[in-house]
Amino acid sequence: MNIDYSQEAPAVAGRLTLAEIEELVAKPLDSRPDKKYFIALSISGGALMIGAVCLAISFYYGLGLWGNNQPIGWAFDIVNFVFWVGIGHAGTLISAILFLLRQKWRTGIARFAEAMTIFAVICAGIFPAIHTGRPWLDGYLLPYPNQHHLWVNFTSPLLWDVFAVSTYFTVSLVFWYIGLIPDFATLRDRTSSKIKKTIYSLFSLGWRHSSRHWQHYEKAYMLLAGFATPLVLSVHTIVSFDFAVSILPGWHTTIFPPYFVAGAIFSGFAMVVTVLVFVRKIFNLENIITMDHLDKMNKVILATGMMVGYAYGMEFFIAWYSGVQAEQFVFVNRAFGPYAWAYWIMVSCNVIFPQLFWVRKFRRSIPVMMVIVILVNVGMWFERFVITVTSLHRDFLPSSWAYYTPTLYDFGILIGSFGLFFTLVILFTKSLPVVSISEVKAVAEGAQPSHHGGVANA
Amino acid sequence: MHNTNLFGVSALFDSPDKIILVAKKTAEAGFTNFDINTPYPIHGIEKAMKLKPSKLGFITLVFGLTGSFIALFFMYWTMSIDYPMIISGKPFFALPAFIPVTFEVTVLLATLATVIGMITFFFKFPENHHPLHDTNYMKQVSKDKFGLVIESTDKNFELEKVKEFLQSLNPISIEEIYYQAKENNSVLEPRFLTLLFVIALVTSGTTYFILNKLLYMTPFDWMSTQLKLNPQKPSELFSDGFGMRTPVAGTVAQGFIPYLSKGNPNPTELLENPYLITEENIKIGKSKYLTFCSPCHGNFGDGDSRLRGQFPNPPSLHSKRARDFKDGMIYHVIVNGQNSMPSYAPYLDNEERWAVVNYIRVLQRAKNASESDIQFAKKENVKNASN
């Protein structure tokens, strides 16, 4: 096998012209959705309804319907929250960090990944809101001047969460919208429908593809990417503080912030690959979301998976090395106690199976890739479950030890969050360009002035 | 062309190399009010067009720093000044714990300011009525062509010369772009006034409805309708309609041990004073005496009532009889009452009653001091002054 590593693989395959790229991306928006689309939408919508019903019943009767109780006071709500926030992190990584690193291959997948960020953060945001039991009182989480002259506790990680997640959502949304403005303008200029034109005009704000604007636009994009990069790291760091700042063995470790961030990127990339594999097939985007892109994402999954594996090992090492009995007990109990099944699901899905990605053939095989990324999704959900539940279920007082079992309502709400996520994803694929048209055009072959032509030759 | 003005002349080109060349030549020809429209940003175009670097970063810097400052100051003010509270033994100004929120607010404010500033201040958006919209030129540069437009506001603009210049650049096509002269919209137009009126009506109506009606409907009335007893409202819980209940028979409230000689005007068995005369005890006694006793007995026990005859004046506490009372007798009078004086038992607990007794003793000693007392007081004064 002779691969020439001196030449970077083209970001857009198949030598597409600019018009062809635009046509390919905009086509799903011009046609009516077919039967399969509605079948998919009804499945995800059904899951969403299950969640909505379970939530409604939970609020009517109270949160006692959920499985968490002393000593396992935190369970599915925080597990799902951390899981979904983590999923979101891949989008920002692709759109911001890879942008700063000048990785051209990000252009094909950035829009979709950013959309997934926003949807995942919406799903994540539900859980802290509902776990209060009376979500209509959640306004008290914000510092506002009130009759009692009370303020929120600014030294609490749970409050940092409120600020981090809401900032993350707002910034991701703005970043996404900024990327969409030129595409809205392009769609506005190609559509023949009057209603669509009005809507696109409204959202394009009157964008004219002017170079005088592009100059500021690129600057803004760079600044936003520069802010989104530390932001994405801060969000999962703060999420990990929810655990690490407490003094519970199994949670109180300094490795948590980097470990959580690596895990977030790991799970997020797995989710992006899961969805993109379908999207590129259904919308014929194989030339824009190429096998090289998937290959690169799988490499990231392999790398972050090993970081997570290192963290698992290091937690055990530190537990032993610290000599703290309670700490050692928690970790031995984690691996061999009543929740050993969850622990070993986590280890095998997150550390063992992704090792297959060392083989180039597996990285570039759709079926193998699908199996592994779904296992990673499962494994990363279990990671949060293991961290939360196993650390809590055997606390310092053996008389209060308990075994946590989720109830039907817990599962219903989890299913509902997946339903919400995929409903939003499905609606997105038919209403907005799933690939950034202007960005992909800019990295197509011959799209930029050649080094020896242009000005130099003039 | 009727009622239209010339916006500019546009030309389309088909390659990025070409448009860089065109931009360079246009700038060199002395045009300033021209624009290059491309479907995506072209590297190096700003240099060819001789544009100044974007100043957007300044907005980001200013608002980012403002965000950090506001967040830090706000947290300092709430946690250290307005409602100081010790949490987990942290200082009031716990800088490390304030860093996450400071960072988030900085990022939020900087991002929003950058984007809003760019859109409104740098782009002057939204602007969906620009002359370039809905032209063939716009449709082409939106897709895959690269365009140049020289605006009529340029100081070197002369239609024929500009067209000649564009022709010399070998474009695919040249298009003149016109726009409709702006209609003169008067603020006093009836339609606009109606709109203002409708907006005012809807806004005030909605506000009125929300504040005065909606908030009193279920479920928004959860704050006002609670399962508790409201003052002046009958209780729904008890059959007699009273929310306050009498204590169970035999209940003794703390500090209110029942007094055995109650109702007896001249008890033979008097209680002994169980409290030592300490400074603290005297302070309690003084405060209680001034609150409950002084209105009738006077501030110094002279029987000079402040009630201006609305209630009979009591005799002086400095009479021989009163001075000869045992502590227990004064206690008895406080608890039981005497003549027209009611019982003060409900207002004073056991310690306070004895404290009042002690304070009355202080007043009596002060008002009827012996020579040795005065000598002692003088000595004490000298001692205190020398200290």
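The radius of gyration of chain A, taken over C-alpha atoms, is 24 Å, which agrees with the value near 23 Å that a compact globule of 458 residues would have; the globule rule is 2.2 Å times the number of residues to the power 0.38. The structure is a predicted model, in which local features need pLDDT of at least 70, side-chain atom pairs count only at pLDDT 80 or more, and totals for chains, interfaces and linings use all residues. Residues are numbered from 1 along each chain as its sequence is written, chains are lettered from A and ligands numbered from 1 in the order in which they are written, and side-chain values use heavy atoms, with hydrogens and water left out.

Along the principal axes, the C-alpha atoms of chain A fill a box of roughly 80 × 60 × 45 Å. Chain A contains 16 helices and zero strands (DSSP runs numbered from the N terminus, H or I of at least four residues for helices and E of at least two for strands). Among contacts in chain A with a separation of 6 or more, 80% join residues 24 or more positions apart, a contact being heavy atoms within 4.5 Å.

A:Thr107, in helix 4 (residues 106-131), is buried because its relative accessible area is 6%. Not counting residues up to four places away in sequence, A:Thr107 touches A:Val435, A:Ser436, A:Glu439, A:Val440 and A:Val443.

Note on methods:
Buried < 20%, exposed > 50% of the residue type's maximum accessible area, 1.4 Å probe, protein only.
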